Amino acid sequence: VQLQASGGGLVQTGGSLKISCAVSGLSVSRRDMGWFRQAPGKEREFVAAISSTGTTTTYADSVKGRFTISRDKAPATVYLQMDSLKPEDTAVYYCTTRKLFVNSQGDWAYWGQGTLVTVSS
């Protein structure tokens, strides 16, 4: 199982960046997918999630209205479009997907290696 995040980089305050995460070795067609982030010296926090069908999205209050999560089926990829970036958005961004049971989903169980986003002031 591999979740390969890419697209991070350095951007100025107010700028935009789109990061992506390609999934291989695991079928995610029935799994929610999400993004978390971890800033230096802080705990990992939830950023956004998208349902298996792509019809439902949820966002942390801190990014609502600025970030947009989306997904493609083939190849299985999840994206995070980040607009109006702020210095406090600086973090390593991790993609994730849930453990799957027969009739339900479990916790966020599979994680990518992360991609660094740095927003300069």
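How many positive and how many negative side chains does the protein have, and how far apart do the centres of the two sets lie? There are 13 positive and 9 negative side chains, and the two centres lie 6 Å apart. For this count, Lys and Arg are positive and Asp and Glu are negative, while His and the chain ends are not counted. The place of each charge is taken as NZ of Lys, CZ of Arg, CG of Asp or CD of Glu.

Before going further, keep in mind that this is a predicted model: local features need pLDDT of at least 70, side-chain atom pairs count only at pLDDT 80 or more, and totals for chains, interfaces and linings use all residues. Residues are numbered from 1 along each chain as its sequence is written, and side-chain values use heavy atoms, with hydrogens and water left out.

## The overall picture

Helices (H or I, at least four residues) and strands (E, at least two) are DSSP runs, numbered from the N terminus.

Along the principal axes, the C-alpha atoms fill a box of roughly 45 × 25 × 25 Å. The radius of gyration is 14 Å, which agrees with the value near 14 Å for a compact globule of 121 residues. That radius is taken over C-alpha atoms, and the globule rule is 2.2 Å times the number of residues to the power 0.38.

What about the surface? The accessible surface comes to about 6,400 Å², and 49% of this belongs to carbon and sulfur atoms. Accessible areas come from the Shrake-Rupley method with a 1.4 Å probe, and for residues only the protein chains shown count as cover. Of the 121 residues, 43% count as buried. Buried means under 20% relative accessible area, exposed means over 50%, and partly exposed is in between (1.4 Å probe, protein chains only).

Contacts (heavy atoms within 4.5 Å) also reach along the chain. Among those between residues at least 6 apart in sequence, 54% join residues at least 24 apart.

## Inside the core

Which residues have the most contacts inside the largest nonpolar core? They are Trp35, Leu80, Met82 and Tyr93, in a core of 30 residues. A nonpolar core here is a set of buried Ala, Val, Leu, Ile, Met, Phe, Trp, Tyr and Cys residues joined through side-chain atoms within 4.5 Å. Elements that give two or more residues to this core include β1 (2–6), β4 (33–38) and β9 (91–100). β3 gives the most, with four residues.

Leaving aside neighbours within four places in sequence, Tyr93 is in contact with residues including Trp35, Leu80 and Met82. Its other partners include Ile19, Phe36, Val47 and Val117.

Thr97 sits in strand β9. At 0% relative accessibility, Thr97 counts as buried. Not counting residues up to four places away in sequence, Thr97 touches Leu3, Met33 and Trp108, among others.

## Buried and partly exposed spots

Here are a few residues side by side.

| Residue | Relative accessible area |
|---|---|
| Ser24 | 36% |
| Arg44 | 35% |
| Ser84 | 40% |
| Asp89 | 1% |
| Ser104 | 40% |

Asp89 is found in the loop between β8 and β9. Beyond neighbours within four places in sequence, its contacts include Arg37, Arg66 and Ser84.

Arg44 lies in the loop between β4 and β5. The C-alpha atoms of Arg44 and Tyr94 are separated by 9.1 Å, although the two residues are 50 apart along the chain. Arg44 also touches Tyr94, not counting residues up to four places away in sequence.

Ser24, in strand β3, has its C-alpha atom 28 Å from that of Val63. Ser104 and Gly9 are 36 Å apart, C-alpha to C-alpha.

## Two backbone details

Most residues other than glycine have a negative phi, and most peptide bonds are trans. Ser84, in the loop between β8 and β9, has a positive phi near 50 degrees. A cis peptide bond joins Ala74 and Pro75, with omega about -5 degrees. Pro75 lies in the loop between β7 and β8.
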